Amino acid sequence: MTMKPSLQLRVGAHLTMTPHLQQAIHLLQLSTLDLRQEIQQALESNPMLEQQEALEEHDASPEPEADWAESIPDTLDHDSDWSDTYQDIGPGGLGAQTPSDEAPDIERNSLESTLQDHVRDQVRLIDLDDRSRLIADYLIDALDDTGRLSVPLYELGQQLTHHFPTLNFKQDELERTLQLMQQCEPGGLFARDLQECLLLQLDHRSGDTPLLAQTRRLIRQFLEALAGGDYKRLKRRLGVDDEQLEQIIQTIQSLDPQPGRRFGGARNHYVIPDLIMRHDAQKGWRVDLNEDALPRVQLNAQYSALIKRADQSQDNTFLKQHLQDAKWLLKSIASRNETLLKVGQEILARQPGFVEHGEAGLNPLTLADIAQAVDMHESTISRVTTQKYLHTPRGVVELKLFFSSQVGTGQDGDAHSGVAIRARIKKYVSEEPTRKPLSDAKLVELLDQQGIKVARRTVAKYREALGIPSSSERKRLA
């Protein structure tokens, strides 16, 4: 049987983003600091823009008719779903096309890259299929500042299943992708606990590391004995002498229990809140835009008046193009602010207990909940809440803080968020007797008394994510 080449014509729908839509999405995901830089660059390059504070009184001149220009809608739709980046995700599943070449190239305006940026640069070089790349994005977003996963892997699986119910992700598929991500540098990233973090770093070491097998065994089985200083037991169980045990301990001390800290989150050293929480005597707490967060810009009336209708000269065409760009920039900024305010107000409505109880008062909340309430895509909510901050009576917090999946459910049916449970664990440990630290089992018991049922393994993972040592180590340090 011979195969003959043939041509086939297929009709399909694909998202093509105009430069103006790309600009709207680009501005939406910028932090306030980065957006201020973007606006400043526009002020320097576009003569049609000027800051309101620097304005002099101009003669009121009617804005030139713009029948020559592309009309700008009253509302700018920058809302979009995963098809902005991953083509053809829908009931039929993932298409063969990976991140679109037509997607906007987002500039990094910060001087240093974040941990997530560093990892994404490496992931681009890994040969992943579309499904694994989607899982990888979720894993990267789940990294905390230390470089560990901030939520259990099964929770990420639940999020993926909720967001993409037709794609049918399996747990072993998540595990395989996680193992690939754990090969990223620096070693120890994407670990789920201290033990895994240290073992991953040993895997990055050369085979000539002295006593490597014994070092691995100590980390797997006897970390608590090491923390408690039980060297006699360690020598007996590992079959080593004093000098060899010292070598093993030196190897472990050379490992970094928090490999993500070296990146320092450079973008978050200086934060300008985008939203402000205020109290109204009649209406209670409300969320407003921070009017001072961005420079106030508007069209330059003098230059706008110079545009001549139907004039195709080079100078007039130059002014027309800059006027059009200026209008789109102003519309994009206004649309960004409107979307940000709408999302902030909905978050406050869903998290009324935050003001009084802080993180311990947070309810389970997902991006999908807010997306459905404000009639937007989840990817848009993710952009709006990343590197966007709210000034509250409890300090300035990132909007991402308010999102957490349901972890524990009490006998009364009330749901509890992972963030709230971590806050309770932190509070219990801060108030514990120094001579008698609370074990993970005791923490489970205390949470159960509050109507929160969680497994001891979950408590241990949250405790480690908070950087809290085990009870035996806390007792030794007391």
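The accessible surface of the protein is about 26300 Å², and 47% of that belongs to carbon and sulfur atoms. Areas here are Shrake-Rupley values with a 1.4 Å probe, and for residues only the protein chains shown count as cover. This is a predicted model, where local features need pLDDT of at least 70 and side-chain atom pairs pLDDT 80 or more, while totals for chains, interfaces and linings use all residues. Residues are numbered from 1 along each chain as its sequence is written, and side-chain values use heavy atoms, with hydrogens and water left out.

Next, the overall make-up. The protein has 20 helices and eight strands, taken as DSSP runs numbered from the N terminus, with helices being H or I of at least four residues and strands E of at least two. Of its 478 residues, 46% count as buried; buried means under 20% relative accessible area, exposed over 50%, and partly exposed in between, with a 1.4 Å probe and protein chains only. Among contacts (heavy atoms within 4.5 Å) with a separation of 6 or more, 66% are between residues 24 or more positions apart.

On cysteines: the disulfide count is zero, a disulfide being a pair of cysteine sulfur atoms within 2.5 Å. Cys184 is buried at 2% relative accessible area, and Cys197 is buried at 0%.

Now Asp274. This residue sits in the loop between α11 (242-253) and β2 (275-280). Is Asp274 buried or exposed? Asp274 is buried, because its relative accessible area is 4%. Leaving out residues up to four places away in sequence, Asp274 touches Thr32, Asp288, Leu289, Asn290, Arg336, Leu340, Gln387, Lys388 and Tyr389.

Last, cavities. A cavity is a set of points, on a 1 Å grid over the protein atoms alone, where a 1.4 Å probe fits but cannot get out, and lining residues have an atom within 4 Å of a point. Points are joined across faces, edges and corners, and the volume is the space filled by probe spheres set on them. There are three cavities of 30 Å³ or more.

The largest cavity holds about 90 Å³. Its lining includes Arg148, Arg192, Lys461 and Glu464, and by class has five nonpolar, one polar and four charged residues. Charged means Asp, Glu, Lys and Arg; nonpolar means Ala, Val, Leu, Ile, Met, Phe, Trp, Tyr, Cys and Pro; the others, Gly among them, are polar.

The second largest cavity holds about 50 Å³. Its lining has seven nonpolar, two polar and no charged residues. Helix α13 (residues 314-350) gives the largest share, three residues.

How values were computed
1 Å grid on protein atoms, 1.4 Å probe; cavity = no way out; pocket = protein on both sides within 12 Å on 5 of 7 lines; lining within 4 Å.
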